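Here is a brief report on a single protein chain. Please keep the sequence and the model in view while reading.

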Amino acid sequence: MVNAERAKAGCSPLTVNAKLQAAAQGHSDDMAARDYYDHTSPEGKSPGDRMTAAGYHWSTYGENIFKSPQDARTAMDGWMKSSGHRANILNCSFKEIGVGINFKSNGPWWTQNFGASS
């Protein structure tokens with residue numbers, strides 16, 4: 001779905017990166033386990049910090065989060081209606097993606113991590 005939207009905007013498709021995937025899943029899991037909803041963890045860790053900790057050497061990054069959509073299409077529609085989230089999806093500087101979803105607790109909790117490696 002992300003790559004379909006990027007194609008409409010003239011951006012190259014993203015490839016899945018296992019390190020971004022791990023960072024995204026870790027953030028979704030952490031938000032669900034500790035019941036917070038933010039790009040910054042309670043300890044002050046940013047998306048860039050989490051991506052670096054997962055071993056991803058980024059030159060640029062972005063992150064989308066969403067709580068509650070029950071399926072990927074609903075999450076994607078919501079992100080595309082939000083200017084900041086849409087900007088991440090359509091940022092042609094990003095080359096890779098990782099997605100994390102946690103269906104436990106009072107979610108689901110969705111995370112998209114975008115990046116370009118250095």
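## The loop between strand 3 and strand 4

Ser105 sits in the loop that links strand 3 to strand 4. This is a predicted model. With a relative accessible area of 54%, Ser105 is exposed, because the cut-off for that class is over 50%.

What is the geometry of the peptide bond from Gly107 to Pro108? The bond is cis, and its omega is near 5°. In general, most peptide bonds are trans.

## Two residues with positive phi

Most residues other than glycine have a negative phi. Asp35 is not a glycine, yet its phi is positive, at about 50°. Asp35 is placed in the loop between helix 2 (18-34) and helix 3 (47-53). Its relative accessibility is 48%, so Asp35 counts as partly exposed.

Ser68 also has a positive phi, near 105°, and is a residue other than glycine. The loop between strand 2 and helix 4 holds Ser68. Is Ser68 buried, partly exposed or exposed? Ser68 counts as partly exposed, because its relative accessibility is 38%.

## Glu43 and its partner

Glu43 is another residue of the loop between helix 2 and helix 3. At 52% relative accessibility, Glu43 counts as exposed. The side chain of Glu43 is joined to that of Arg34 by a polar contact of 2.6 Å.

Glu43 and Phe66 are 23 residues apart along the sequence. Their C-alpha atoms lie 20 Å apart.

Glu63 is part of strand 2 (residues 58-67). Is Glu63 buried or exposed? Glu63 counts as buried, because its relative accessibility is 6%, and the cut-off for buried is under 20%.

Which side chains make polar contacts with the side chain of Glu63? His39 is one partner, at 2.8 Å. Arg50 is another, at 3.0 Å.

## Ala23 in helix 2

Ala23 lies in helix 2. Its relative accessible area is 6%, so Ala23 is buried. Neighbours within four places in sequence aside, Ala23 is in contact with Arg50, Met51, Ala54 and Asn113.

Ala23 and Ser68 are 45 residues apart along the chain. Their C-alpha atoms are separated by 20 Å.

## Glu5 in helix 1

Glu5 belongs to helix 1. Glu5 is buried, because its relative accessible area of 17% falls under the 20% cut-off. Which residues does Glu5 contact, leaving aside its neighbours within four places in sequence? They are Met76, Met80, Ile89 and Leu90.

## The largest pocket

The largest pocket holds about 240 Å³ of space. It is lined by 16 residues. Those closest to its centre are Met1, Val2, Ile97, Val99 and Gln112.

Which elements each supply at least two residues of the lining? Two helices do: helix 1 (2-8) and helix 4 (72-80). So do two strands: strand 3 (96-102) and strand 4 (109-117).

How many lining residues of the largest pocket are nonpolar, polar or charged? The lining has 12 nonpolar residues and four polar ones. No charged residue takes part in the lining.

## The annotated domain

An unreviewed UniProt entry places the feature "domain: SCP" at residues 1-114. Over residues 1-114, the chain is 41% helix and 22% strand. The end C-alpha atoms of this stretch are 14 Å apart.

Key:
Residues numbered from 1 in each chain as written. Predicted model: local features only at pLDDT ≥ 70, side-chain atom pairs only at ≥ 80, totals over all residues. Heavy atoms only, no water. Helix = DSSP H or I, 4+ residues; strand = E, 2+ residues; numbered from the N terminus. Buried < 20%, exposed > 50% of the residue type's maximum accessible area, 1.4 Å probe, protein only. Polar contact = N/O pair within 3.5 Å; in protein donor to acceptor, adjacent residues only side chain to side chain. UniProt positions renumbered as here; feature names shortened; annotations may be inferred. 1 Å grid on protein atoms, 1.4 Å probe; cavity = no way out; pocket = protein on both sides within 12 Å on 5 of 7 lines; lining within 4 Å. Points joined across faces, edges and corners; volume = space filled by probe spheres on them. Nonpolar A, V, L, I, M, F, W, Y, C, P; charged D, E, K, R; others polar. Contact = heavy atoms within 4.5 Å.
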